[in-house]
Amino acid sequence: MACNTRNKYPAQVFNNENHRLNLYGDNVEVDYRGYEVTVENFLRVLTGRHETAVPRSKRLLSDEGSHILLYMTGHGGDEFLKFQDSEELQSHDLADAVKQMKEKHRFKELLIMVDTCQAATLFNQLQSPGVLAIGSSMKGENSYSHHLDSDVGVSVVDRFTYYTLAFFERLNIYDNASLSSLFSSYNPSLLMSTAYYRKDLYKRRLEEVPVTNFFGSVMETIHTDAAYKALSRRNSGRFEDEMSLDQSVHHIERRMLIKVNDGYEIHDINPEGEEGASKCPWSTFRNKFQKAENVDSLVNYGLVAMIPLLVISTWLVQ
Amino acid sequence: MALLRRPLLLLLLIVTHQFLQFRIAFGSVNEEGQKQEEFYEELLLKPLPDRKLLTHFHFQSSAPPSTSNGRHHHLFPKAISQLVLKFQVKEMELSFTQGRWNYESWGGFDPIPSSNAKPPGVELWAVFDAPQHLIDALWKNLTHTLSGLFCASINFLESSTAYSAPEWSFPPASGKLRYGTLPREAVCTENLTPWLKLLPCRDKAGISMLLDRPSIYRGFYHSQRLHLTSTGSGSEGMDPGIILEQTLTVVLQPDSQRASLAHASEKHIQPSWSLSSIFGKQISGRCVLAETSSVYFLLDKGLVAELEHIHKENEKSEENVLISEKFWNNPSFELSAKPDRIFIEESSLLSKNASVLYKFEIEKYGESEPFDLGLFWKTPVVWLCQQAPLHANRFLMGSGNERGAIAISLKSTQSSEGFMGSNSNDERCELRVDVFQVVPWYVKVYFHSLQVFVDQQPKAVSDIIEKIHVSPSKDKVSPGVMELVLTLPCSVSSAVLTIEFDKGFLHIDEYPPDANQGFDIPSAIVSFPNFHARMVFLENDSLNKSPLLSKFQEKSPVMSYTEVLLVPLTTPDFSMPYNVITITCTVFALYFGSLLNALRRRVAEEERFLKDKAAKKMDRIPLLLSKLSAKLRGRHLEGPQAPPASSSFINSKSVLKVILIAGLAVYWQYYFS
């Protein structure tokens, strides 16, 4: 795509009009491109069901300790994402693939980021634990592009992607930013949509999860001629404590994971787990009202409610 | 004595051990005569007549034959040697190309166009060293491995509709050759990255440092090619040696704005350029793992003839300035660096002129003194590159979505002065042309409709076509292959081959997402086996053998590729399945709905039934009581009691309830007030 003859700057993809950052770089490698990007190949990569001749570089090769980042962008809508203008990926297909991955222990944690119109509907059907999902807009909202580069002739970047990239460009290698700071950095008025995320399936607290859990960090290596010096006694003790805490956390998680897997059964999505649902009695009353199929029972309720009213009115009259 | 003997013995042991170690280390080179792995890097620069510059990077890596177990590589890429061993590849070439080689301007007779002008997209061919029945399976696995290695969709060549087996028209002619192309494959940085990772120095040192990605992909033509040959048969216990040749050919336009503005008024002077102006970088040192690292600057024989002519006109002296020591006082151009060696091509019988090659060794340059070659033109020069005997073009004829015709036209070029003279002894001078064309199965070619026109006169097919091999296409199984040998008279000015075809139908799943663009017919290959594109530059010292110059000396036939044709096929309306499902379901729903209605529905049946029931029960109060109890029971058992079906009944029920409540209220008020 970067070398398309219509690109005025071949082999360069920019995220900004000022052309300061070339995202395509010099060492990029792409495994699936062109006509190979189909829903079938995508689901094959996720579930690992390849033909025998497919080489290792085209397989996901993840195991039960892997953290996977799945980033999808393009055109989409209510519970679907468009592939190549000829087919769609549906939310229940994605949920099924993730469920298969979980059953086969192909990931420990999965972060799904979707940047399309009505992106949050794409992960409505997810039920597997260990999955964190964020979409750039909710049902009924569109996601917009950020700005138009009149030199290249197209909009260079979408708003959600732009602000995600801006967040990461502000960090240096010593920052310990957490996922909650990333998710709260999205401003709905700047995005012109509500970035909605779903954490009911993810058991860790977002303040404790660093962004490097999913996003790889590019470390600058400094060559030194001197030998590596071991840490002093004082520091090493603290280091060991941190290590053990980490291990115990993992231990707890693993135990929890096993427990969940043993007693796993399909249950309805708890509406209170979702962000944005209020606990107001009016809404519960409205829910019950909507669920009522029997006009009959409604009238009965009305009848019962009216009798004390009658009693009070006659007592007042008397 | 015993005490003294112990340390003496120890000392003796240590000394012999060291000596043995030395012997073993040198033994691998000297005694057994085994060669080491070698790597050469070279760059060739050649100015082209239409103000462009050809840059040709040539990297060669060789691994000697060794024992099967314990094959260690320190320069040669292990991925390639594993590929050769696993798939028993004898020779293979894979090229990624973007752009079209302009044969009219850039020439067609040199070794560079013959081996480096490739069809657009991906071209892969391989010769295997295995029994015939295994070759298709090996080809399939090879395409998958290469697609993983080079980040391209080469795995589309696995299906039998995508590859073919030419028998004798495609060099190297062998029964175990498989050939496939993907004309629409894009080529970008992600294909160059793994190609560079096969080099020992990657793109961090040596000549490959020049490879600035935006500059390469901005060129008019760029082609990266990988050619490997395994030498020696795989005898028992010995793995064959492998020679891996990687070339990158880029045709660029030097930015004339970056050149000096002094001669801005002289528009017809060729633009001046330097390595830093076209690539933005300089060569700061050689790759230390390379045996030789050199840059060549080639002046075409046509250009040399023009320069000598200009020089003779101006200076009126016989001295050949180009090879003399004072060449930088050349009135035509100026080079910014002094060459280390100057080669002149061995003049062949075909032409009087000879090309001139300047060689620059990179060994003496380094970080502090980078190598930057620049060329500054002083006078306008116009020349022609040597062309192939006939210039091949291909186009489509006909209109509509049902049928059409393919035409291959061969026009004679006027530049080559020599080939007429080569066979002038014979009265019947004949020019042999080989044509190899693969057509996908959905373009159904009728081979009986093949017609030949020579100098715009129709000729009988058997007069012109000496040998023909046709493999007709089978629907969805194999493409149509045509191999021809034409013998044309030497004085031919134009020849045209036409063949008619019908357009076939594809299944809806077989259409690509952009089906309305059309479908590609890959390039045809036109070769002239009697003409050899070679340039011989004799080197005096055989110690420093340059693989690039050895390649130029090989006798390879002159080859040219025609254009890729785009055939518009009939595309279906892709929304039709959805439309069909919607219409069918609507029809079924209407039919079955009305059928059930007609059979089972009785109008106002429930009301009549209840009226009858009410008429049976004469008393009012038990009726009301029963209704109340039914209400109470209905409130507690929800679910099994289905609500009444018809709407009229609900209405009457609610009206009754309202009346009941009103009656209760009135009675209460009246009784207690």
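Buried means under 20% relative accessible area, exposed over 50%, and partly exposed in between. The legends below concern a predicted model.

Figure 1. The side chains of B:Arg432 and B:Asp434 meet in a salt bridge, with 3.2 Å from N to O. B:Arg432 counts as partly exposed because its relative accessibility is 30%. B:Asp434, by contrast, has a relative accessible area of 4% and is therefore buried.

**Figure 2. B:Glu93 and B:Lys118 form a salt bridge between buried residues.** The distance from N to O in this pair is 2.6 Å. B:Glu93 belongs to strand β4 (residues 89-98) of chain B, while B:Lys118 lies in the loop between α4 (111-116) and β5 (121-128), so the pair ties together parts that are 25 residues apart in sequence. Both B:Glu93 and B:Lys118 are buried. Over all chains, the structure holds 35 salt bridges.

**Figure 3. B:Arg184 and B:Asp514 link distant parts of chain B.** The closest N and O atoms of this salt bridge are 3.5 Å apart. B:Arg184 sits in the loop between β7 (177-182) and α6 (189-197), and B:Asp514 in the loop between β24 (494-503) and β25 (519-521); the two residues are 330 residues apart. B:Arg184 counts as partly exposed because its relative accessibility is 30%. B:Asp514 is likewise partly exposed, with a relative accessible area of 30%.

**Figure 4. Chain B meets chain A at an interface that includes salt bridges.** The contact takes 39 residues from chain B and 33 residues from chain A. The area buried between the two chains is about 3500 Å², and carbon and sulfur atoms give 56% of this area. Between chain B and chain A there are 3 salt bridges. One of the salt bridges in the structure pairs B:Lys197 with A:Glu29, whose closest N and O atoms are 2.7 Å apart. For the complex, the predictor gives an ipTM of 0.78 and a pTM of 0.77.

**Figure 5. Domain 1 and domain 2 of chain A bury area against each other.** Chain A is divided into domain 1 (1-30) and domain 2 (34-215). The contact takes 10 residues from domain 1 and 11 residues from domain 2. The area buried between these domains is about 820 Å², of which carbon and sulfur atoms give 49%. A:Asn15, A:Asn16 and A:Glu17 supply 49% of the area that domain 1 buries against domain 2, more than any other three residues. The rule finds 1 salt bridge across this interface. The side chains of A:Asp151 and A:Lys8 meet in a salt bridge, at 2.9 Å from N to O. Taken over C-alpha atoms, the centres of the two domains are separated by 22 Å.

**Figure 6. Parts of chain B have a pLDDT under 50.** Chain B averages a pLDDT of 84, and 84% of the residues score at least 70. Over residues 420-425 of chain B, pLDDT stays under 50, and the model has 3 contacts there beyond four places in sequence. Residues 637-644 of chain B also stay under 50, with 4 contacts beyond four places in sequence. Where pLDDT is low, the predicted coordinates should not be read in detail.

How values were computed: Residues numbered from 1 in each chain as written. Chains lettered and ligands numbered in written order. Predicted model: local features only at pLDDT ≥ 70, side-chain atom pairs only at ≥ 80, totals over all residues. Heavy atoms only, no water. pLDDT = per-residue confidence, 0-100. Contact = heavy atoms within 4.5 Å. Domains from an automatic or database assignment. Buried area = accessible area lost by both parts, 1.4 Å probe. Salt bridge = Lys/Arg side-chain N within 4 Å of Asp/Glu carboxyl O. Helix = DSSP H or I, 4+ residues; strand = E, 2+ residues; numbered from the N terminus. Buried < 20%, exposed > 50% of the residue type's maximum accessible area, 1.4 Å probe, protein only.
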